[in-house]
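Student: Please take a close look at one part of this model. Keep it brisk, and define your terms as you go.

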Amino acid sequence: MQVRLEKSWQNQLASQFEAPYFKELTHFVRQEYEQFTCYPLAKDIFNALDTTPFDSTRVVILGQDPYHGDGQAHGLSFSVPDGVAHPPSLINIFKELEVDTGKPYPKSGSLVPWAKQGVLLLNATLSVRAGQAGSHQKKGWEQFTDAIIAALSENKTGIVFMLWGNYAKKKGKYIDRSKHLVLEAGHPSPLSANRGLWFGNTHFSQANAYLKQQKSQAVIW
């Protein structure tokens, strides 16, 4: 796993790449990809950071780990490539978006247009073994993504952090809420959404209202 990141992230995270935990993580991930089918493709592991530079990040949507089905994960949390059927969590995200903003339900499940507007679509764990949810957790990815959240919180102001589900909410301890907006809700998966913990959160309209207050452009969701 070679780490060649977009330059502004490379600068922010340079110390992580030299840390012992990251070297152990790199060894683990390399072995997993050699021995098993893993997602996303190795070239897409850092896709979220490469698509949304540190300097451009205005919103963070935090997921848990990548989709573990064939052809779904491409390195952006909750997103799937064009033409791929929408997973249940993404369906519920789009349903909430439709009610909250009035935007018609999208045909494509790709969230690349969001990412290119400064929406960092970050998973807490950046890889997974095929068919085995959570299989790459507690190997070091969480420490790396903690560092990403901390760097954003410390070195920027006026970011909207959307923390969906208990796993994401734990990352909230790294965010300075005096200079950023933290929006929390249940996870958009059917298990959580059907218990009334997701729908009606209005995070998309809240985010844009806050960005406008910060003299930043609204996101075209």
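Tutor: Buried means under 20% relative accessible area, exposed over 50%, and partly exposed in between (1.4 Å probe, protein chains only). The model is predicted: local features need pLDDT of at least 70, side-chain atom pairs count only at pLDDT 80 or more, and totals for chains, interfaces and linings use all residues. Residues are numbered from 1 along each chain as its sequence is written, and side-chain values use heavy atoms, without hydrogens or water.

Start with F17, in helix α1 (helices are DSSP runs of H or I, at least four residues; strands are runs of E, at least two; both are numbered from the N terminus). F17 has a relative accessible area of 13%, so it is buried. Its C-alpha lies 9.1 Å from that of F144, although 127 residues separate F17 and F144 in sequence.

Seven names make up its buried set: Y21, F22, L25, T26, F28, V29 and E32. Residues three or four places apart in an α-helix point the same way, because there are 3.6 residues a turn. Among the elements covering the buried residues of α2 are α1 (7–17), β1 (38–39), β4 (128–129) and α6 (141–155).

Take α6 next. The axes of α2 and α6 are 9 Å apart, at an angle of about 125° (axes are lines fitted to C-alpha atoms, for helices over the stretch in contact; angles run from 0 to 180 degrees between N-to-C directions). The two helices are therefore oblique to each other (under 35 degrees is roughly parallel, over 145 roughly antiparallel, 65 to 115 roughly perpendicular, the rest oblique). Their crossing is left-handed: the near helix is turned anticlockwise from the far one by less than a right angle.

Who makes the contact (heavy atoms within 4.5 Å)? From α2 come Y21, F22, L25 and V29; from α6 come W141, Q143 and F144. Six of these contact residues are nonpolar, one is polar and none is charged (Ala, Val, Leu, Ile, Met, Phe, Trp, Tyr, Cys and Pro are nonpolar; Asp, Glu, Lys and Arg charged; the others, Gly among them, polar).

Definitions and conventions:
Contact = heavy atoms within 4.5 Å.
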